[in-house]
Each structure stands twice: as C-alpha cells, then as structure tokens.
Amino acid sequence: MARVVSVFLPTLPTDRVRRQAGDAAPSPDTPLVLVGREGRRRVVVTAADAAAVAAGLRVGMPATKAQALVKGLVIQDADPAADAEALDRLALWMLQRVAPIVAADPPDGIVIDSTGADHLHGGEAALLATLVEKLLSVGLNARAAIADVWGAAHALARFRAQPTDVSAPGEAVADVAPLPIAALRLPPDLVSSLRVLGFDRIGDVLAEPRAPFVLRFGPELGRRLDQIAGRLAEPIEPIRPAALIEVRRAFGEPIGAAETIRRHIGKLVAALCDALERKGLGARRLGLICHRVDSRAQAVRVGTGLPLRDARRITRLLSDKVETIDPGFGIEIMTLAAIVTEPLAPKHTASSLVEDLEPDVSGLVDLLANRVGERNLYRMAPVASDVPERSVRRIAPLAIETGEEWRGDWPRPARLFARPEPIDTVALLPDHPPAFFTWRGVRRKVRRADGPERVFGEWWKRDPELIAVRDYFRIEDDAGERYWIFRAGDGEDPLTGSGRWFLHGIFG
Amino acid sequence: MRPPANPIAIAQLRERIERLEGRPARGRPVLPFGVRPMDARLPGGGLPRAALHEVAGGGAGAIDGAAAALFAAGVAARTRGKVLWCVTRADLFAPALSQAGLKADRVIYLEGGDDKTVLACFEEGLRHGGLGAAVAEIARLTMTASRRLQLAAEGSGTLGIALRRWRRQTDATDFGQPTAAATRWRVSVLPSTPLPVPGVGRARCGSSS
C-alpha cells in the first residue's frame with residue numbers, strides 16, 4: 001500500500017517575504033498582506049499572514065479596503081514566480097531529506113510519496129512531526145498529513161491536521177468523509193454549486209448515486225472521488241534538479257521477478273558509479289524509482305554514512321530492499337538517482353607497510369542503518385555530567401573517534417533504567433541506606449551497602465534543579481544481586497527532593 | 001562426583017570429531033582469558049575466535065543480564081576492531097562497559113525492534129568480517145538460527161556472543177536446549193565476602209547491621 005504525505009504551507013507567500021527581509025522584516029504581530037493585480041485594474045490582497053487574518057482581512061479583498069480596515073498594515077507586492085521558486089526549493093530540500101519521490105503541489109503545498117521511507121525517520125507520526133518542526137524553525141507555517149492517496153492526504157493536511165495528522169492504512173475514505181466539499185480540489189464554482197444543492201460534506205456526495213452528478217457537473221467530481229478511494233491512480237511526477245546525477249533503464253518487456261530486478265539494479269549502479277566518478281563525487285543518499293505499467297511508482301531510498309562510489313556496496317544496499325518493491329503487473333522504467341552527493345577524492349589506503357589498519361566497517365554500518373533506521377544505530381559518547389542518565393549521548397556510528405571516556409572510578413551499573421523505578425524501603429534518615437526494600441513486589445533484605453554518592457542537580461539546565469539532590473547507594477541483597485538505588489533529596493531538607501526511593505540500575 | 005576423564009580417550013575423540021567436521025581445530029585462533037583455571041578447561045586454551053558463544057545470567061540475571069553483559073564486554077574488549085552490540089531494550093549503560101575495558105569509541109549499538117531483526121543484524125555483523133566481535137541480546141535462539149550464526153562466524157573469523165536474556169524467569173529454562181554455539185556460559189553474581197577489617201573510612205552501619 002502506498003503512503004503519501006501532503007505538506008500544506010498556508011502562508012507561504014508572506015512567510016517568504018518575512019524570511020527574505022531578514023532583520024528588516026515586520027514583527028510577527030504586525031499584519032502583513034501581499035497585493036497583486038486581478039484582471040486589468042483592481043489591486044487585491046493575494047496573501048495574508050496569520051495576524052492579518054485575525055484582523056479580519058481575507059484573500060481577494062481589494063487592497064484599499066484592507067488598508068482602510070487595519071491600521072499599521074504592511075503591504076507588499078506579491079511575486080507568484082518567487083513563490084513557485086521557493087516551493088520548488090523546499091521540494092528539493094525534502095527530496096534530499098525525506099523520500100525519493102517529491103513534487104511541488106502548487107500553489108501552497110508539497111506532496112511526498114513516503115512509501116517505505118517512514119521507518120528511516122522513526123515512524124509516520126515522527127516523520128510528520130520533524131518535518132513540520134523543521135519548517136517552523138525556518139519560519140514557515142506548515143501542516144502535514146499522511147494517507148494512502150494524494151487526494152486524502154491533501155484534504156487532511158488542509159482541513160484536519162493540527163498540525164499533523166496520520167490516517168491509518170485503508171481508512172482514507174472514512175477519514176475524508178466528514179470534511180467539507182472544498183477539500184476535494186474542485187474548481188470553486190463547482191464547490192459553490194454543490195453547496196447550493198445542500199452537499200456540505202464529502203460523505204454526503206459519496207452516499208449519492210454517481211450518474212446524476214456526472215450529468216450535471218461533468219466527470220471532474222467523480223474523478224476526484226475515485227482518486228480518494230484509490231480507484232484511480234494519481235501519479236506524482238518527481239522533481240528532478242538539473243544537476244542531479246541520474247541513470248535510467250527502460251525495458252521493452254515489463255520485468256517483475258526479484259532476480260531480474262536485482263540484475264538491472266546492478267547495471268544501473270554501474271552506470272551511476274561511472275557518472276559519479278567522472279564528477280569526483282560520492283553518493284550519500286540514493287533513490288531508486290521503479291515505474292510500473294499501471295503508472296504507479298515504487299521507490300526505494302538508501303542512505304550511506306560516508307560518501308560512497310563502490311558499485312558492489314551500493315548494489316548490496318539496494319538489493320537488500322528488493323523485497324519491498326511490489327512490481328505489480330511489471331516494471332517498465334527504473335531510474336536511479338544520487339540525491340545527495342559529496343566530493344569523494346581517491347584516497348591512499350595503506351600509508352605504510354607496518355601500520356596495521358583497522359578494518360573498515362562503514363559498509364556494514366550503511367547496510368544495518370538502512371535496515372533498522374539511522375536513529376537505531378549509534379555510538380555512545382561521554383558527556384560531562386554527574387547525573388547518570390545525562391552522562392551519555394548518542395552519536396552517529398561513524399562519527400570521529402575522540403578517545404574520550406567517562407571520568408571517575410565510581411562503579412557504574414551495567415543496566416540503567418530509562419525511568420527510575422520507585423521502591424518501598426525501610427531506611428534510617430538521613431544518611432543510611434535502607435535495611436529492606438520492595439521492588440516489583442519482592443521484598444529484599446539489604447546485606448551490604450555503600451554510599452551515599454551525592455549527585456547535585458544541574459541548576460544551569462533547569463531552575464527546579466537548583467537545590468535538587470540525589471543520594472546514590474550501591475546495595476547488595478541476600479542472593480548477591482547488586483542494585484543502584486537513590487533517594488530523591490538529602491533526607492533532611494524537603495526542598496531538595498521528595499525523600500522517596502528509586503531503583504535506577506543493576507550491577508553485574 | 002564425576003570420575004576423572006581419560007585424557008587419551010578425549011584426545012582421540014577430538015581427533016575423530018575434527019575429521020568429521022572436515023577442518024583442523026588445532027590451528028584455530030583462540031582468545032585466552034588469562035585466568036589459568038578457565039583456560040585449562042577450554043580446548044586450545046581459550047575461547048575459539050571464529051565461533052558463536054552463548055552467555056546467560058543466573059537467577060535474576062536471566063532477566064537483567066547485567067553480569068552476563070559485563071562478561072561479554074570483557075571478552076569483546078580483548079578483540080581488535082569495532083564491536084557491534086545488538087539490543088532490543090536500550091538499557092545498557094555505556095560507562096559500565098567502559099569500566100569493563102570496552103572503550104566507548106569501539107562499540108556500535110544497534111536497536112532492533114524484535115528478536116528477528118536483532119538476529120538478522122547479528123548475522124550480518126558476523127558475516128561482514130571487519131568487526132572484532134558481535135554481541136546480540138536475544139531471548140530465543142533456535143538450533144537453525146544458531147547454526148546460521150555459527151557458520152557466519154566461522155566464515156569471517158568474527159567472535160560472536162549471544163547474550164541470552166529473557167522477559168520472564170520461567171522462559172529461562174530455554175537455556176538448556178541444544179544450540180550450535182561453541183561454548184555456553186552462565187554468569188551469576190555471588191554474595192560478597194566482608195573485609196577482615198572494618199575499612200579505612202568512617203564506620204558505616206551498612207556492613208555491620
């Protein structure tokens with residue numbers, strides 16, 4: 001089943017103007033509108049930002065009226081060509097980061113075929129959340145939705161997303177039914193005629209027989225409904241920047257067998273590597289698109305940790321994903337593009353005869369990262385912090401080796417719980433370890449203990465930690481199991497912590 | 001008590017098994033522990049490098065696998081190259097591995113969603129050949145899966161450690177089932193023995209109560 005993401009940028013023109021103006025931009029609460037000519041003479045508002053909409057301004061209103069209504073209104077000239085260009089640039093950015101099939105959806109959206117790419121971003125909800133957050137961080141107001149088909153994702157992004165929305169597979173029609181008719185991407189006069197007839201929601205139209213609608217309004221309405229139900233394909237024409245290194249193979253007879261697909265991947269990769277070598281580049285992200293005879297496209301996306309131009313390794317990465325390609329009735333065109341490239345110069349591998357090189361594992365890292373997702377493959381690096389859960393951070397598996405280690409000789413447990421588990425204890429305050437504790441319903445006697453190791457809160461991070469304290473103890477029970485427990489607070493001053501006990505880790 | 005084994009009979013048996021396996025065991029590289037009582041009991045005087053080893057904790061260690069993880073880290077630390085550590089639950093605390101000798105720069109962690117993914121990635125790591133060791137925390141290890149892993153380790157010369165860790169104590173009976181692992185270890189914690197002196201610091205009640 002395909003999955004399509006639709007990104008809606010409701011205030012793209014005004015956001016673009018603000019972004020280009022930089023420091024000179026009007027403050028976010030100053031209403032800003034863009035005006036352009038409609039027809040021959042009238043100057044109308046073509047875009048209004050959130051503040052302007054809140055002040056009662058609407059798109060399509062004469063500019064003079066807007067000026068009369070709102071005091072201190074900032075008016076600038078609209079530039080549809082620049083908007084379209086900005087949209088293309090955004091689409092390109094998403095092509096490099098999200099999935100291999102991305103297209104601008106003018107005038108105010110971008111559509112992405114994310115089939116098989118969501119797990120690389122930690123799931124669909126996480127994918128949408130990061131996308132919206134990234135756009136917001138560059139000053140673009142965005143909403144996004146994911147659904148089985150373009151039509152449904154488009155409608156949900158515009159009418160339901162707050163600011164993201166995930167429609168479960170197979171639920172596209174049910175999710176879209178309660179939305180207004182305007183969500184169907186129909187010409188405005190058709191929408192108003194339908195509303196005159198009393199059809200407010202998409203569900204109302206779906207419930208009626210189709211033939212009278214076609215007689216009265218033509219085939220457009222039926223086409224849009226079929227697209228939402230997935231009965232009519234709506235291919236996404238992916239954008240391709242001019243400098244993209246891309247190779248393609250068209251087949252006289254559609255191919256379908258996994259073996260055949262693998263063989264052709266091998267040929268495509270060889271051609272791509274030649275092209276990369278001529279330019280002295282290595283690929284960081286690759287997109288393989290298989291166009292099927294039923295005009296649907298299947299995409300595979302792989303990423304690499306280091307720039308790569310080794311045909312054998314690229315083939316291996318792509319072949320690993322062949323089982324995710326559904327050839328349907330056959331594939332007629334395959335294209336392979338190096339979406340993100342970096343310079344890759346030939347390198348001296350062995351610099352001396354005696355030096356013993358550490359074997360290269362970047363190939364394995366790429367293979368595994370494409371299988372489990374980039375964020376599930378990591379190294380741990382030390383952070384200078386006494387709070388145990390903050391003393392480690394995840395870094396990329398191929399990050400530069402710093403040789404840094406955790407300082408201090410205090411024993412640390414082999415297992416550390418992400419969330420300390422509360423335990424019931426019998427303990428003497430303030431500085432004694434518990435005599436008994438109950439964890440997961442089992443009461444254990446404390447045989448030996450060592451501590452306290454006092455950890456102070458990091459006041460430079462959060463205000464409540466200014467006087468927070470944890471007292472850590474290493475304790476051993478009858479069976480010899482060793483645990484790492486702590487008391488929130490110093491046991492005397494209730495301001496330093498609640499005085500409750502928690503089990504945080506297990507020693508080996 | 002078992003009667004002492006006849007060394008000649010054992011040597012003959014080993015020779016026969018070698019012939020059946022079709023490859024000499026003599027020249028196989030091993031990783032000695034450096035602890036005589038342990039090395040003396042292992043054929044070849046250490047852990048065979050190109051093989052799969054199974055490690056599990058005893059008692060509550062079957063669930064948390066803390067001691068077993070440190071044992072695995074200690075073994076992996078004595079290999080050369082990177083170490084791949086596949087887990088399903090991300091509760092491993094890296095400073096402890098560092099204290100066991102496995103430096104932070106050497107370990108690449110992989111978080112798989114389930115046992116199947118972890119096993120597949122583990123096998124991939126063993127097959128690659130560039131790693132010093134690969135460790136995987138798994139609950140179920142079937143004969144078929146372990147044989148695949150063992151063959152992958154043999155082919156590439158990478159040391160593989162299957163760290164068995166179960167969700168429930170009752171599942172830990174699984175550890176007796178036959179697998180293709182070359183050695184099988186059970187690492188348990190023991191109650192500590194008190195020092196003969198009260199210590200050099202201020203007297204604490206913890207050790208005397």
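Predicted model: local features only at pLDDT ≥ 70, side-chain atom pairs only at ≥ 80, totals over all residues.

Residues are numbered from 1 along each chain as its sequence is written, chains are lettered from A and ligands numbered from 1 in the order in which they are written, and side-chain values use heavy atoms, with hydrogens and water left out.

Entry 1. I took a salt bridge as a side-chain nitrogen of Lys or Arg within 4 Å of a carboxyl oxygen of Asp or Glu. Over all chains, that gave me 51 salt bridges.

Entry 2. I looked up A:Arg185 and found it paired with A:Glu234, closest N and O atoms 2.9 Å apart. A:Arg185 sits in the loop between helix 7 (172–176) and helix 8 (188–196) of chain A, and A:Glu234 in the loop between helix 11 (220–229) and strand 9 (245–255), so the pair ties together parts 49 residues apart in sequence. (Helices, H or I with at least four residues, and strands, E with at least two, are DSSP runs numbered from the N terminus.) A:Arg185 is buried at 16% relative accessible area; buried means under 20%, exposed over 50%, partly exposed in between, with a 1.4 Å probe and protein chains only.

Entry 3. A:Arg482 and A:Glu476 form a salt bridge at 3.7 Å, N to O. I have A:Arg482 as partly exposed at 22% and A:Glu476 as buried at 7%.

Entry 4. B:Arg168 is exposed at 52%, while B:Asp171 is partly exposed at 27%.
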